[in-house]
Amino acid sequence: MKKFKKSLVAISMLAGLVPSLSQAETIAVTNAKIYTSTDKGVLSNASVIVEDGKIVAVNPEMVNADIIIDAKGGVLTPGFIGAMNSLGLVEVGQEKMTRDTNDKAADMTFDPSLAFNPKSTAIPFARKGGLTRSIVAPGGGETIFSGQTIEVELTGDWDSIVATEQALFVALGAEHDGSRIIGMQNLINKLDERQKALTKAATKKADKEADKAPTKEELILNAVLSGEKPLIAYADRASDILQLIKLKQRFKLDLVLLEAADAVVVADQLAQAGIPVVMDAMRNLPESFDSLNNSLDNAGKLSKAGVQVVLAVPGDAHGVYGLRYSAGNAVANGMKYDDAMASITSNVADTFHLDAGRIAVGKPADMVLWSGDPFEYSSHIQKMWINGEEQSTESRHDELRDRYMTQSSMPKAYTK
């Protein structure tokens, strides 16, 4: 025992002699215009200090760090967060063997994390658009249940999946063959049956059959009914949205709407019910009788009505790169700038319960330094960090450009 204690003392002394082995470098970004996505708003000529992957100070009086980066008036934002896309599940949209986002056999247990590919070329391309995280969603299935979402960091590392089985995704609305009634009825029945079973068990009146271990589907529904797991519902028509509002109130659900073309018609009800809407700001055509109210100014109208708006490029893997342009177009069509910034940062974090989306003390250092306004087409990324680690913004597109623009006596196909 004494020998062991002496060893600990020796190790402690050695650690004191080589502090660089145990202390991470601190990074400071100074002289930046910071969009905090917090109550602090926008800070001019401000600084942020990062240590061990976390933000430890925002605009302190004194800046003391191992590495100081002068932003020279550049814009610093939280990393943008994609929502309800297929990043890491689709490599080439037209090539079936590279699409893992859906299947006819998919049900509520469908888990995208089992096929998520952090080395997908779509991920560095998304980083070029300022994205540092994403909510990856499944699709497909022959019932309303498409599966569950996952949260990923866009580092490209093998361990970049942050959370699995994060939210349950259901698709409702018009059917090409049949009635929309069946889908809504199926959802109501599933929730009702499970709630009754839970109530029965809680009153200790469960029979032997009910005492058996719950199935995977039952565990998912348990989490939805307890509010631990959000229920994301795709629905466009106002009548379907009103039915979902009733379901939220009846079962006390953590409900999130996806797309919701008619949301502007019932915006006051959505705001009162506290239901966020994930939508594509560029959706402006009446694709069906369910979406006659599609318009470029919907995001602004919903936001002004008090609805928490999350801007997204739903279902896409490559188009999510243009998320910042969607936000810019929303601003051009009436959405307040700060609301648009929140719609791709803090609102996403709040809606999906992520520890990200803000430049605030204690938050992961997911940050992007821009040359100018990130919603402007001409602006570009100067530096990007995920959890305090600087990330590359070079993509396959850059490599192909360099390859085929390089002057050589060799045929283009042989240029290295």
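Visitor: Are Arg180 and Asp240 buried or exposed?

Guide: Both Arg180 and Asp240 are buried, where buried means under 20% relative accessible area, exposed over 50%, and partly exposed in between, with a 1.4 Å probe and protein chains only. This is a predicted model, in which local features need pLDDT of at least 70 and side-chain atom pairs count only at pLDDT 80 or more, while totals for chains, interfaces and linings use all residues. Residues are numbered from 1 along each chain as its sequence is written, and side-chain values use heavy atoms, with hydrogens and water left out.

Visitor: What joins the side chains of Arg180 and Asp240?

Guide: Side chains of opposite charge can pair when their charged atoms come close. Here Arg180 and Asp240 meet in a salt bridge at 2.7 Å, N to O, the term being used for a side-chain nitrogen of Lys or Arg within 4 Å of a carboxyl oxygen of Asp or Glu. The pair links distant parts of the chain, with Arg180 in helix 3 and Asp240 in helix 5 (residues 238-251), 60 residues apart; helices (H or I, at least four residues) and strands (E, at least two) are DSSP runs, numbered from the N terminus.

Visitor: How many salt bridges are found in the whole structure?

Guide: The search finds 22 salt bridges. One of them joins the side chains of Lys190 and Glu217 at 3.7 Å, N to O. Lys190 lies in helix 3 and Glu217 in helix 4 (residues 216-226), so this pair ties together parts that are 27 residues apart in sequence. Lys190 counts as partly exposed at 27% relative accessibility, and Glu217 is partly exposed with a relative accessible area of 27%. A network of salt bridges links Lys128, Asp398, Arg401 and Asp402.

Visitor: Which residue forms a salt bridge with Glu259?

Guide: Glu259 pairs with Arg283, the closest N and O atoms being 3.4 Å apart. Glu259 belongs to strand 15 (residues 255-259) and Arg283 to the loop between strand 16 and helix 7, so to speak distant parts of the chain, 24 residues apart. Both Glu259 and Arg283 are buried.

Visitor: How many cavities of 30 Å³ or more does a search of the whole structure find?

Guide: Rolling a probe the size of a water molecule over the atoms shows where empty space is left. The search finds 1 cavity of 30 Å³ or more, and the largest cavity has a volume of about 60 Å³. On a 1 Å grid over the protein atoms alone, a cavity is a set of points where a 1.4 Å probe fits but cannot get out, a pocket is an open set with protein on both sides within 12 Å along at least five of seven lines, and lining residues have an atom within 4 Å of a point. Grid points are joined across faces, edges and corners, and a volume is the space filled by probe spheres set on the points. The residues that line the largest cavity include Glu259, Arg283, Val277, Met279 and Leu302. Strand 16 (277-279) and helix 7 (298-304) are the elements that give two or more residues to this lining.

Visitor: What is the volume of the largest pocket, and which residues lie nearest its centre?

Guide: The largest pocket holds about 540 Å³ of space. Of its 23 lining residues, Ala171, Leu172, Gly173, Ala174 and Glu175 lie nearest its centre. Helix 3 gives the most to the lining, with 3 residues.

Visitor: How many aromatic pairs does the structure hold?

Guide: A pair of aromatic rings is described by the distance of the centres and the angle of the planes. The structure holds 6 aromatic pairs; rings of Phe, Tyr and Trp (its six-membered ring) pair if their centres lie within 6.5 Å, and planes under 30 degrees apart count as stacked, over 60 as edge-to-face and the rest as tilted. The rings of Tyr35 and Tyr337 have their centres 5.5 Å apart and their planes at 35°, so that pair is tilted. For Phe80 and Trp370 the centres are 5.7 Å apart and the planes at 25°, so that pair is stacked. Both Phe80 and Trp370 are buried.
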